[in-house]
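Okay, thanks for coming, everyone. I've got a few minutes on one fold, so let me put it up on the screen.

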Amino acid sequence: MSRMVNKIPCMTLLEARDLYRETLQKKFSIGEIDFYFKSLMTDSFQREPTQLALEPESELEPREVLLIQEAATKLLKDYPLQYITGTVHFRTLKLKVDPRVLIPRPETEELVDWIVEDFGKRTDDSKDILDMGTGSGCIAIALAKENTQFTVSALDQEQPILDLAQENALNNGVQIHFFQQDLLQLDSLKRSFDILVSNPPYVMRKEQELMQPNVLDHEPHQALFVPDEDPLVFYRAILKFASLHLNSEGIIYFEINPLLIDELRFLIQQFDYTISERMDIFGKVRMLRLKKKVTWKRFKRKS
């Protein structure tokens, strides 16, 4: 018979894992359940996952038992694991996330990887970068962390979002200039940059029926959706901004909706860029790199 402390059952790690399997088995596979449990151990209890194998009879603290019970209830209601633990791992970073911001995806890690590949870790070539629509700050912070020659700024439209991004920057030991700015109202921003990068909202409303409840019911819609009648609204605003504020050899990196690739190509052609495309891990065109076209001038030879 299990003991009780202040009406909270005492529980070992092994008993907790078995309880998780029993509670969640009708909704998730054993592999998913064990992953969720190990994530709780790592991110919420600061316990190594190997402890389950090495010390299965290790007793949990009452607060840990409560958290396990609450987490199981939330998972059954499709609440995202990352919001339960308050943590997401993004490249080398550990970031805080909550319903203020979109949960960073692996595809966005690939976007950062492209930029890092292009510029490496060179120490003789500083670049001013602007992350447009920063959310958790994942792109800006990763770039600043992986190349110390990058001077990184980032914007978003709501101060509570920027507060979270600033906290993530401090926790990861980098300096980012965060400022509040609406992507659709950039007229007051007068600085110029070498690199613009953005993962703006790009999901059309008509795609909702294909989305999982853990995303649709819990992640912020303003960070996900665009109007079906104008799904390129943010890309157009960024391109207009770039025409005035991107330096002569500047580059734009976009994460995109693969369903909109043809429309995006047509839009970008109007702004005179060369386009490079990159597929994500699922084989879909998910990233674009835009470089200003080089114009050659003919000079009259002196006689």
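Predicted model: local features only at pLDDT ≥ 70, side-chain atom pairs only at ≥ 80, totals over all residues.

**Walking through the sheet and its helices**

Another pair you can pick out is Asp-131, which stands opposite Ala-154 in β6.

Now the other neighbour. β5 also runs parallel to β8, residues 193–198, with 3 bridges joining them. There, Leu-130 has Leu-196 of β8 as its bridge partner.

Okay, zooming out. What's the strand order in the sheet? It reads β7-β6-β5-β8-β11-β13-β12, an open sheet of 7 strands with mixed pairing. At the edges you have β7 (177–180) and β12 (273–279), each pairing on one side only. Ignoring direction, neighbouring strands in this sheet are turned by 20° against each other on average.

Next, what packs on it. Helix α8, residues 159–171, packs on the sheet and touches β6 and β7, and its direction makes about 175° with that of β7. Then there's α10, which lies across β5, β8, β11 (246–255), β12 and β13 (285–292), running at about 165° to β11.

A bit more on α10, then. This helix takes in residues 233–245, so 13 residues, and reaches 18 Å from first C-alpha to last, close to the 18 Å expected at 1.5 Å a residue. Its buried residues include Phe-234, Ile-238, Leu-239 and Phe-241, and His-245 is buried too.

Last stop: back to α7, and the helix it packs with. For anyone new to this, two packed helices are described by the angle between their axes and the distance between the axes. Here α6, residues 106–119, and α7 pack at about 35°, with their axes 10 Å apart. α6 passes α7 in a right-handed crossing. Which residues make the contact? From α6 it's Thr-108, Leu-111, Val-112, Ile-115 and Val-116, and from α7 it's Cys-138, Ile-139, Ala-142, Leu-143 and Glu-146.

That's my tour, thanks.

Methods. Residues numbered from 1 in each chain as written. Heavy atoms only, no water. Helix = DSSP H or I, 4+ residues; strand = E, 2+ residues; numbered from the N terminus. Buried < 20%, exposed > 50% of the residue type's maximum accessible area, 1.4 Å probe, protein only. Pairing = 2+ DSSP bridges. Axes fitted to C-alpha atoms, helices over the stretch in contact; angles between N-to-C directions. Left-handed = near helix turned anticlockwise from the far one by under 90°. Contact = heavy atoms within 4.5 Å.
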